[in-house]
Amino acid sequence: MTQTATAAPDLLATIVAAARRMTEVRRAATPEATLAAYASRRRPNGARFVRALRDSHAPRVIAECKRRSPSRGILRADYRPEEHAVAYVGGGAAAISVLTEPTFFDGSLDHLAAIRQVVSAPLLRKDFIVERYQVTEAAAYGADAILLIAGALSPAALRERLADAAEWGLAALVEIHDRAELEMASEAGAEVIGVNSRNLRTLAVQPELHEALAFRLPAHVTAVAESGLRDAADITRLTRAGYHAFLVGERLIAEPDPGAALRALRGKP
C-alpha cells in the first residue's frame, strides 16, 4: 500500500489570506476616505528612513518590535512596544520595525501609533501588505516606510504598491528570497531591497542566501540583510558583502534588555 505525500502548507499564502480578510474588516469599520483624511495630516518621511540606512552611524540596524513569531511562538510575554522602541533608540538603532500583523505575530496598528508618540526614529510598518488600504493605514498610523514582500505580490501589484507608497511619502523595503524575486523587485523600481534568509513558506533559514544574492543586487539600491543574524561577526561579514543595513528582531526582543543586546550586536559596549 502506497502512502500519498502531503504537500507542506504554504505559510505565506495563509498569512496573506488572513491579511486580506482583516483588511476588509478594518475597511468596513473605517472607510478609506476617512483613513486618507488622517494620513493627509501626517508627513511620513521615507527619504529620512532611506538616509538612516545609508548614512547613520554604522553598523545600521533596523531593530524590530514583535511579540510573537510563527517559528518560535511567544518571544516576549511582557511585550511593551513603546519601552522596547525607546531602548532600541538608546542602543543606536537606525530605524525601528513594528510588527502590526495580529493573527500570527500578535501585532497591532496601535503599537505603531504608540511608538510614534515616544520616538522620533524612522519607523517601518512590517506586515503582509497587499492592498492600497494598508499603505494608507501605514501613513495614518505613523510609519515612514512599509515592507512589501515580493513573494506575496504579482509584478503589477508590486508596482502599484510602490506607487501608493510614493504618493504618501513612504519608503518601501521590498523583501526578496531568491533571484526571480530580485529581478521582479528591480524591474518594479525598488530602491531598498531586503534579502530575507528565512523562507516564509516553510520558515526554514538559509544563512548562505545573503552572500549568494549580495553580488546580484543593483549597485544603486540600499541593501538590507534580514533574518539569521546572531552576532557582531555576522554584521561584519555581511557589511563586507555589501549590505548597508540589517533587520533584526527575534535576536533582540527576547533578551532581558533589548537595548543592551542591540549595542552588543553592533559591537558597541
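In this report, a residue is buried when its relative accessible area is under 20%, exposed when it is over 50%, and partly exposed in between (1.4 Å probe, protein chains only). The model is predicted: local features need pLDDT of at least 70, side-chain atom pairs count only at pLDDT 80 or more, and totals for chains, interfaces and linings use all residues. Residues are numbered from 1 along each chain as its sequence is written, and side-chain values use heavy atoms, without hydrogens and water.

**Helix α6**

Helices (H or I, at least four residues) and strands (E, at least two) are DSSP runs, numbered from the N terminus. In helix α6, residues 109-118, the buried residues are Leu-109, His-111, Leu-112, Ile-115 and Arg-116. They cover an arc of only 155° around the axis, by the directions from the helix axis to the C-beta atoms, which puts them on the same side of α6. Asp-110 and Gln-117, on the other side of α6, are exposed.

**Salt bridges**

A salt bridge is a side-chain nitrogen of Lys or Arg within 4 Å of a carboxyl oxygen of Asp or Glu.

| Pair | N to O distance |
|---|---|
| Glu-131 and Arg-20 | 3.1 Å |
| Arg-80 and Glu-83 | 2.8 Å |
| Arg-237 and Glu-211 | 3.0 Å |

Arg-237 lies in helix α11 and Glu-211 in helix α10, so this pair ties together parts that are 26 residues apart in sequence. Arg-237 is partly exposed at 31% relative accessible area, and Glu-211 is likewise partly exposed at 36%. Glu-131, by contrast, is buried at 19%.
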